[in-house]
Amino acid sequence: DNFFISCIFILNKSFYKSLSNLGTGNIYGLLIHSCDDLLKPGGELLFKEMEKLKSTGKLEKIGVSVYNSSQIELVLDRYNIDLIQLPINIFDQQLFVDGWLKKLKNKGIEIHARSIFLQGLLLMNSADIPQYFSPILDKIEILSKAAKNLSISKLELALNYVNGISEIDKIVIGVNKFAQFNEIVNAKQLKINPIDFIENSINNPKYVNPSEWQL
């Protein structure tokens with residue numbers, strides 16, 4: 001209980017600090033970064049505090065960030081969330097292939113996609129890719145050829161792949177330099193059918209889950 005009392009204090013402090021930093025009286029979404037915190041005994045106390053913040057009108061949606069279908073299943077069994085953030089990209093298609101995106105939409109849950117460039121791996125030149133990824137080098141080469149055939153960059157292909165998944169509401173993108181930000185903003189928009197890239201799917205978390213990378 002002391003752990004969650006501390007978490008609730010930090011949650012409130014961070015929330016109101018964010019409002020102050022952003023110069024606003026309300027924000028759109030508040031997500032628990034590690035959904036495992038909600039799954040621990042007492043996690044419902046943390047969720048109730050989020051619901052309390054939502055009831056003040058200062059917060060529109062509450063949700064979680066997840067890594068896999070097991071976490072999604074456990075969270076949905078226990079909580080009524082509005083919003084979920086999850087990883088999806090041309091290599092990490094599991095949640096799309098297994099139908100989890102449709103299940104979430106059927107429950108009225110907003111979906112935000114992250115890791116669409118897989119920590120930049122999808123954008124790297126073959127010569128710069130660490131030896132660790134040698135077993136999937138053929139997939140990376142196929143991706144490069146596909147982009148070339150479509151006369152677009154790998155960034156544009158990766159972005160439009162996720163954008164082509166109808167269940168995705170928003171895409172969360174991180175950049176490490178302004179030039180990359182500009183490239184994303186100016187990326188060509190074209191219709192890509194995600195089914196066309198089903199063979200690029202990699203089911204081994206060793207390569208699609210950055211937390212398991214051994215570089």
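A crossover is called right-handed if, with the strands pointing away from the viewer, the path from the first strand over the helix to the second runs clockwise. In this sense strand E2 (residues 59-65), helix H4 (residues 69-78) and strand E3 make a right-handed β-α-β unit, where helices (H or I, at least four residues) and strands (E, at least two) are DSSP runs, numbered from the N terminus. The model is a predicted one, in which local features need pLDDT of at least 70 and side-chain atom pairs count only at pLDDT 80 or more, while totals for chains, interfaces and linings use all residues. Residues are numbered from 1 along each chain as its sequence is written, and side-chain values use heavy atoms, with hydrogens and water left out.

**Strand pairing**

- Two strands pair if DSSP finds at least two bridges between them, and strand E1 (residues 27-32) pairs with E2 in the parallel sense over five bridges, with Gly63 in E2 as the bridge partner of Leu31.
- E2 and E3 also run parallel and are joined by three bridges; Gly63 has Leu83 in E3 as its bridge partner, and Val64 stands opposite Ile84 in E3.
- On to strand E4 (residues 110-114), E3 pairs in the parallel sense over five bridges, and Leu83 has Glu110 in E4 as its bridge partner.

**Burial of the strands**

- Buried means under 20% relative accessible area, exposed over 50% and partly exposed in between, with a 1.4 Å probe and protein chains only.
- Five of the five residues of E3 (residues 83-87) are buried, so this strand is largely enclosed by the rest of the structure.
- In a regular strand the side chains alternate between the two faces of the sheet.
- Leu83, Gln85 and Pro87 point one way from E3, whereas Ile84 and Leu86 point the other way, and all are buried.
- E2 is likewise largely enclosed by the rest of the structure, because five of its seven residues are buried.

**Aromatic pairs and charges over rings**

- The structure holds seven aromatic pairs, a pair being two rings of Phe, Tyr or Trp (its six-membered ring) with centres within 6.5 Å, counted as stacked if the planes are under 30 degrees apart, edge-to-face if over 60 and tilted for the rest.
- Phe47 and Tyr79 form a tilted pair, at 4.6 Å centre to centre and 40 degrees between the planes.
- Because Phe47 lies in helix H3 (residues 43-55) and Tyr79 in the loop between H4 and E3, this pair ties together parts that are 32 residues apart in sequence; Phe47 is buried at 4% relative accessibility, and Tyr79 is buried at 10%.
- The pair of Phe133 and Trp213 is edge-to-face, because the ring centres are 4.9 Å apart and the planes stand at 85 degrees.
- Tyr132, Phe133, Tyr207 and Trp213 form one aromatic cluster, in which Phe133 is buried at 2% relative accessible area and Trp213 counts as buried at 16%.
- A charge sits over a ring if NZ of Lys or CZ of Arg is within 6 Å of the ring centre and within 35 degrees of the ring normal; the charged end of Lys103 sits over the ring of Trp100, 4.2 Å from its centre, and Arg114 lies over the face of Tyr67, at 4.8 Å from the ring centre.

**Largest pocket**

- A pocket is an open set of points on a 1 Å grid over the protein atoms alone, where a 1.4 Å probe fits, with protein on both sides within 12 Å along at least five of seven lines, and lining residues have an atom within 4 Å of a point.
- The largest pocket has a volume of about 640 Å³, the volume being the space filled by probe spheres set on the points, which are joined across faces, edges and corners.
- Pro87, Ser115, Leu118, Val208 and Pro210 are the closest to the pocket centre of the 29 residues that line it.
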